[in-house]
Amino acid sequence: MDENKIALLAAVDVSYMTKKEQQMLWNIVDRQGLKVKPVYAEKLRKASGDLTEEKMAEILEAL
């Protein structure tokens, strides 16, 4: 949030993801220069527990 790469509402959804998933998400966001909006975070949260970097990237690029 401090670097303006994730919206406050999105951060709430991301907080429900595992630490490993959160780290994967940060790696993608940092590497690709993306911003995590609430609509992305909601889809990621729903897929939590079964996420890979590839699946995260698909979700982030599909929206």
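With which residue does E42 form a salt bridge, and how far apart are the closest N and O atoms? E42 pairs with K46, the closest N and O atoms being 3.3 Å apart, where a salt bridge is a side-chain nitrogen of Lys or Arg within 4 Å of a carboxyl oxygen of Asp or Glu. This is a predicted model, in which local features need pLDDT of at least 70 and side-chain atom pairs count only at pLDDT 80 or more, while totals for chains, interfaces and linings use all residues. Residues are numbered from 1 along each chain as its sequence is written, and side-chain values use heavy atoms, with hydrogens and water left out.

**Salt bridges**

- By this rule the count comes to four salt bridges, and the one between E42 and K46 lies within helix α3, where the two residues are four apart and thus separated by about one helical turn (helices, H or I of at least four residues, are DSSP runs numbered from the N terminus).
- E42 is partly exposed, with a relative accessible area of 39%, whereas K46 counts as exposed at 66% (buried means under 20% relative accessible area, exposed over 50%, and partly exposed in between, with a 1.4 Å probe and protein chains only).
- D13 forms a salt bridge with R45, their closest N and O atoms being 3.0 Å apart; because D13 lies in helix α1 and R45 in helix α3, the pair ties together parts that are 32 residues apart in sequence.
- D13 counts as buried at 14% relative accessibility, while R45 is partly exposed at 34%.
- R31 and E53 meet through their side chains in a salt bridge of 3.1 Å, N to O, and this pair links helix α2, which holds R31, with helix α4, which holds E53, across 22 residues.

**Charge and aromatic rings**

- R45 also lies over the face of Y16, at 3.6 Å from the ring centre (a charge sits over a ring if NZ of Lys or CZ of Arg is within 6 Å of the ring centre and within 35 degrees of the ring normal).
- E21, in helix α2, is buried yet has no salt bridge, and the nearest side chain of opposite charge, K20, is 8.6 Å away (Lys and Arg count as positive and Asp and Glu as negative, with His and the chain ends not counted).
- Not counting residues up to four places away in sequence, E21 touches S48, G49, D50, L51 and M56 (contact means heavy atoms within 4.5 Å).

**Helix faces and packing**

- In α3 the residues Y40, A41, L44 and A47 are buried, and they cover an arc of only 125° around the axis, which puts them on the same side of α3 (the arc is that of the directions from the helix axis to the C-beta atoms).
- The cover over the buried residues of α3 includes α1 (8–14), α2 and α4, and α3 is followed by G49, whose phi is positive, near 100°.
- Helix α4 (residues 53–62) has M56, A57, I59 and L60 as its buried residues, which fall within an arc of 160° seen down the axis and so line one face of the helix.
- The face of α4 turned away from that buried side carries the exposed residues E54, E58, E61 and A62, while α2 (19–32) and α3 (38–47) are among what covers the buried residues.
- V14, found in helix α1, is buried with a relative accessible area of 9% and, leaving aside neighbours within four places in sequence, is in contact with I6, Q22, L25 and A41.
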